[in-house]
Structure formats: C-alpha cells, structure tokens
Amino acid sequence: MRLNCDLGESFGSWTMGMDEAVMPHINQANIACGFHAGDPLIMQRTLSLAKEHGVMVGAHPAYPDLVGFGRRSMNCSADEIKAFMLYQLSAMDGMAATAGIEMQYVKPHGALYNDMMAKADVREAIMEAVATFHKPIKLMLQATPQADEHKAEAAALGLELWFEAFADRCYDDDGKLLARSKAGAVHNKEKMLAQVEQLCDQGTITTVSGHTLTLQVDTLCVHGDNLAGVQAIEAIRALVDQRAQS
C-alpha cells in the first residue's frame, strides 16, 4: 500500500504544509502546478526534495483558482478542462525532467477532484486530457464501489487508473466521503489507524452507519499540514510496513 500526499502547495512567501517532514515517509508526492498553489520556485524545490528521498512524483492540477485554493467549482467547458489540464501537466513534466526525475501520474486537486468523481462530463474531459498526454501516465481517483465502471471508461481511452482511499476520512454508505460538515467526518488518530489496518488486511472500510464496503485501493492519501498530521503519517507508515512484512 503506497502513501500519497499533496505537497508543493506553498506560494511565494506564504507557506502551506510541512513538506520536508512529510517527504521521508511517503511513496508518492502530488505536487501543485501553480493554478491553486505552488509557483516555479516551489515546484523546483519540491521536486528536488522528492528526488532526494526517492519519492514518485505526480502532477496535482486544479481549476484556475489561486485565490480560492482550488476549492471552488468552476463552470468550465470540456475544451477548457482539457487545455488547462495539459498546460499544468506539461509544466510539471518539464520541471521534473529537468530535475532528472519522471512525472508518473496525475491526481486532480480540490473541487476539480470532487467534480471528476461526481460529474461524468468532467471526468471524461480529465481522462481524455491525460490519455492524450505525450507519454503514458496514470490517473489517480477515489476508490468507490463504481471502480469497475471507472476502469471501463479509462480502458476505452487506453488509460490506466490508480485508486486511492483516505486514511483519516469517514465514509458514507454510498462509498463517498462523509461531508466535513457532519460529525465524525474526520477520524481521530485511533480510528484512522484502525481504518488503515482494515484496508491493508481486508480491503474494506466500515461506513458511518457500520456497513462494510469493499474497495479497490492502490494508494492511501495522507495529510501533512501540521505537526499532528506528520506524526499521523509516521504512524501510518509504520503500520503499513508492519502489515507488509507479516
């Protein structure tokens, strides 16, 4: 089970996250491409940090919403989505190649990610953009009970998917993340580790009302925005490594 984290989300003199503390404990770095966060210097530094620790690099593109940190949906046409996806992928791919590493996948950010999961037309535009990139890269999206449908959509375009689960988030009965506005949406450390253990051992999660859902999971999303988050990542890393050896 790989661990992935959204990194490179600082901008200018504004700092977001604890990238240097997080990087040694993860397998995949989803690096912001400048549309919701990040800038050329931050991208360069984050890529260098990933290279230093042998961490796989992916692009983390978003709606063009720097002020809103990419958390607001935008009414973009399919052509606009394809174009801004390719623009951001190209920037990250070029920066990575210059740093001597390879960009291997893409994980959309924030509202673009949510819209991809909820709206077939947005998902289709994103898949088409990734599938037409100049080299094969994988698309990361949320593991849900609809995984086989999403695989079929991707396969029609010759695209390979990686499915992710969220270590610290509670799931609704339909396999979607429980809205943050609802009680218990974010797990405490004990529940988070129990969910990771269940995913590693059984490939399932327990929903908010106690139902068990089977999920196809290739990678776990973790968050390192603060010291508690970094400590949680260290605990998850130790648990995942322990499970892999047993």
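This is a predicted model: local features need pLDDT of at least 70, side-chain atom pairs count only at pLDDT 80 or more; totals for chains, interfaces and linings use all residues.
Reader: What makes the seven strands a barrel, and what is their order?

Author: The seven strands close up in the order E1-E2-E3-E4-E5-E6-E9, and their pairing is parallel. From one strand to the next, the twist averages 35°.

Reader: How do you know that E4 and E5 are paired?

Author: Strands count as paired if at least two bridges are found between them. Strand E4 (residues 103-106) and strand E5 (residues 138-142) are joined by two bridges and run parallel, so the pair meets that requirement.

Reader: Which helices lie against E5 and E6?

Author: Helix H4 lies across E5 and strand E6 (161-166), and its direction is at about 80° to E5. Helix H6 (residues 147-155) also packs on the sheet, where it touches E5 and E6. The direction of H6 makes about 150° with that of E6.

Reader: Why are H4 and H5 called roughly perpendicular?

Author: The axes of helix H4 (residues 110-118) and helix H5 (residues 120-131) cross at roughly 110° and come within 5 Å. Angles of 65 to 115 degrees count as roughly perpendicular, and H4 and H5 are therefore described in that way. The crossing of H4 past H5 is left-handed. On the H4 side the contact is made by Leu112, Asp115, Met116, Met117 and Ala118, and on the H5 side by Ala120, Val122, Arg123 and Ile126. Seven of these residues are nonpolar, none is polar and two are charged.

Reader: What makes H7 roughly parallel to H8?

Author: The axes of helix H7 (residues 189-202) and helix H8 (residues 227-245) cross at roughly 25° and come within 10 Å. Angles under 35 degrees count as roughly parallel, so H7 is roughly parallel to H8. H7 passes H8 in a right-handed crossing. Among the residues that meet are Leu193 and Val196 in H7 and Ile236 and Leu239 in H8. By class, this contact has nine nonpolar, one polar and four charged residues.

Reader: How many aromatic pairs does the structure hold, and why is the pair of Tyr63 and Phe84 called edge-to-face?

Author: The structure holds six aromatic pairs. The ring centres of Tyr63 and Phe84 are 5.9 Å apart, with the planes at 65°. Centres must lie within 6.5 Å for a pair, and planes over 60 degrees apart count as edge-to-face, so this pair is edge-to-face.

Reader: What does this pair tie together?

Author: Tyr63 lies in the loop between strand E3 (56-60) and helix H3 (78-98), and Phe84 lies in helix H3, so the pair ties together parts that are 21 residues apart in sequence.

Methods. Residues are numbered from 1 along each chain as its sequence is written. Side-chain values use heavy atoms; hydrogens and water are left out. Axes are lines fitted to C-alpha atoms, for helices over the stretch in contact, and angles run from 0 to 180 degrees between N-to-C directions. Helices (H or I, at least four residues) and strands (E, at least two) are DSSP runs, numbered from the N terminus. Angles under 35 degrees count as roughly parallel, over 145 as roughly antiparallel, 65 to 115 as roughly perpendicular and the rest as oblique. A crossing is left-handed if the near helix is turned anticlockwise from the far one by less than a right angle, and right-handed if clockwise. Contact means heavy atoms within 4.5 Å. Ala, Val, Leu, Ile, Met, Phe, Trp, Tyr, Cys and Pro count as nonpolar, Asp, Glu, Lys and Arg as charged, and the others, Gly among them, as polar. Rings of Phe, Tyr and Trp (its six-membered ring) pair if their centres lie within 6.5 Å; planes under 30 degrees apart count as stacked, over 60 as edge-to-face and the rest as tilted.
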